[in-house]
Amino acid sequence: MKRNIHLTLMALAGLLLHLEAAAQKVSLTVTNPTDMQRQEVIEADLQAISQLLNTDSSEPIVVTNALGQEMPCQKSHDGRLLLFVALQPDSKAEFTIKKGKPSAFKSQVYGRIYPERLDDLTWENDRGIYRMYGPALQRTGEKSYGTDVWVKNTPELVAEQRYRLHMAGWAKGDSLRKAGKKEEGDAVFRDASFHLDHGYGMDVYSVGASLGCGTPALMKDGQLCFPYCFKECKILDNGPLRFTAELTYGTTADGTTEHRLITLDKGSHYNKMTVWYEGISKPTTLAAGVVLHGDKDLVLDKDYVLYADPTDNPKVHQSQIFVGTLFPEGASQTVRLDGKPSHGVGLIQQYKGAPYTYYFGSAWSNYDVTTLAHWRLLADEYLARLRQPLSVQLNP
């Protein structure tokens, strides 16, 4: 009898040890259901992972691939585990999640508000840089509404350096000019200005009183009602794989308040934009698109608006900035709106203010997208990926 009890206790102890060992790790399987090579950030439910690991979602975790190599990962503000994966067509990859202190990995995305430059919100990944204007700029009276694009041809994060050099060059150049040394002052600023290419890109996209690249706007009497600079901004995620910011715009004369949630992932040419409005009293038309600086190189499709922008000085820069907005749910129509300036936009009719999601982004001909045809191919592939997402499965 005692021997049977002893054997039973040993079996129970072995079972408990097995269950405890099983609770130390979780298998994550990612499946590519498409015939395309995929490289993108995937999401897994942190709460589900925590339950399988028998731990709290605040506890640190480590993710490794099939070879045991640690992978960069990120916990997002909305309870997701983020992982950048690459999968061949019609294939799957296995990863292991376990408790542990993750290594420090180099961030591939970053953004912040730059009070030293009139409250710019500037963010970037390894593909491009974007800027939205803040309350300090609005107080100056300058009419800059839309989203700015800074081109780059390096995967390194360079916005901080550009601001630092530009601001220092401006101050030193201005001091030299005031001292009567105009040519020397101009040369100092020219060597530091982020409006010129110093080997890794520049800011040569014209925005002003326009939508710029991908800004939303309501329509009234057939005209765009441009939002002004943001009133409030909260940065919710800041690397290493995803940047997220929530912006609130001041209430307009007709009583509407605009909100935006913007997300940019490592490796993506496109930002995810979710926009919603408070105070819309009757259905209206929502527009999103890009400003036009010429009469050609505009592509209008039911699912996107694409454009090859000639830069603010085509004869000097001799390159193109590819910009676009994608509408995975399909826009009501895509049109060219002639005006000063003109725009290519997607229109969402009978809009009542509820959250609406679309995508906006850019590329540079001196980096990884060389032609408008290439840019269109990427748009088609990006939409196909959105409509056939990678499958993510968790197992003990």
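**Salt bridges**

Mentor: Arg127 is partly exposed, at a relative accessible area of 27% (buried means under 20% relative accessible area, exposed over 50%, partly exposed in between, with a 1.4 Å probe and protein chains only). This is a predicted model, in which local features need pLDDT of at least 70 and side-chain atom pairs count only at pLDDT 80 or more, while totals for chains, interfaces and linings use all residues. Residues are numbered from 1 along each chain as its sequence is written, and side-chain values use heavy atoms, with hydrogens and water left out.

The partner of Arg127 in a salt bridge is Asp126, with 4.0 Å between the closest N and O atoms; a salt bridge here is a side-chain nitrogen of Lys or Arg within 4 Å of a carboxyl oxygen of Asp or Glu. Asp126 is buried, its relative accessible area being 8%.

A second pair is Asp303 and Arg387, whose closest N and O atoms are 3.4 Å apart. Asp303 is buried at 7% relative accessible area, whereas Arg387 is partly exposed at 43%.

Shared partners join Glu43, Asp45, Arg80, Arg242 and Asp265 into one network of salt bridges. Over the whole structure, the search finds 25 salt bridges.
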